[in-house]
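Here are my notes on the model you sent over. Have a look at the ligand site while you read.

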Amino acid sequence: MSTTLTLIQGDITEQTVDAVVNAANSSLLGGGGVDGAIHRRGGPDILDACRALRAGHYGRGLPTGQAVATTAGRLPARWVIHTVGPVHSSTEDRSALLASCYTESLRAAAQLGARTVAFPAISTGVYRWPLADAARTAVATVRAALATTPDAFDEIRFVVFDDRARTAYEAALAED
Ligand code: AR6
């Protein structure tokens with residue numbers, strides 16, 4: 001069975017999927033953008049779970065490129081998978097860390113048994129990663145991960161906010 005890759009323009013907090021990926025920061029304690037929207041719509045259970053992670057295994061926070069799951073609270077999903085994208089740098093190539101966000105989020109999703117996963121365009125907001133490059137990295141990394149786990153997922157959904165991001169993802173999905 002193969003996994004469908006889909007592209008939706010909309011709000012990630014409205015996606016009915018098994019797992020929603022959050023573009024978080026290392027503190028796991030919330031922020032703006034996707035992170036703010038997820039905590040606002042998902043309610044306090046998500047923050048409670050994040051605080052518990054900080055009190056336990058992630059005392060120093062979640063390192064960039066890694067992923068960890070919590071409840072999705074009141075979101076129409078079962079889990080939120082928090083991952084920390086890299087801040088874009090023009091002097092240092094951090095694309096392996098951006099790719100790692102996708103690989104590690106999918107690894108966490110597969111461990112949970114999540115069959116549908118929604119990704120935002122990680123690092124393309126506050127962290128300023130150029131959209132075209134971020135979209136190519138997202139699509140290529142997810143495709144490569146799916147090649148090694150062909151039966152794990154039914155759908156991987158890329159959820160973008162605006163027209164510019166949609167155009168970037170359409171181009172990336174059209175590449176081989
Ligand atoms: N649904 C889908 N996409 C969204 C939504 C939404 N509700 N809101 C924003 N976007 P960002 P980052 C798009 O800034 O760059 C936070 O403060 C947005 O247009 O959410 O990884 C965290 O706490 C952009 O294309 O994430 C971190 O400190 C993309 O989602 C930091 O921002 C990602 O933008 C992470 O920055």
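1. Start with Ser123: one of its backbone N or O atoms is 2.8 Å from an oxygen atom of the ligand. That is a polar contact (a pair of N or O atoms within 3.5 Å). Bear in mind that this is a predicted model, where local features need pLDDT of at least 70, side-chain atom pairs count only at pLDDT 80 or more, and totals for chains, interfaces and linings use all residues. Residues are numbered from 1 along each chain as its sequence is written, and side-chain values use heavy atoms, with hydrogens and water left out.

2. A polar side-chain atom of Asp11 lies 3.0 Å from a nitrogen atom of the ligand, and a polar backbone atom of Ile12 is 2.9 Å from a ligand nitrogen.

3. How much of the ligand does the protein cover? It covers 89% of the 700 Å² of accessible area that the ligand has on its own (Shrake-Rupley method, 1.4 Å probe).

4. Now the shell. Of the 21 residues around the ligand, Asn25, Gly32, Val34, Asp35 and Thr124 come nearest (near means a heavy atom within 4 Å). The shell splits into 10 nonpolar, nine polar and two charged residues, with Asp, Glu, Lys and Arg counted as charged, Ala, Val, Leu, Ile, Met, Phe, Trp, Tyr, Cys and Pro as nonpolar, and the others, Gly among them, as polar.

5. Helix H1 gives the most to that shell, with four residues (helices are DSSP runs, H or I, of at least four residues, numbered from the N terminus).

How values were computed. A polar contact is a pair of N or O atoms within 3.5 Å; within protein, one must be able to donate a hydrogen and the other to accept it, and residues adjacent in sequence count only if both atoms are side-chain atoms. Helices (H or I, at least four residues) and strands (E, at least two) are DSSP runs, numbered from the N terminus.
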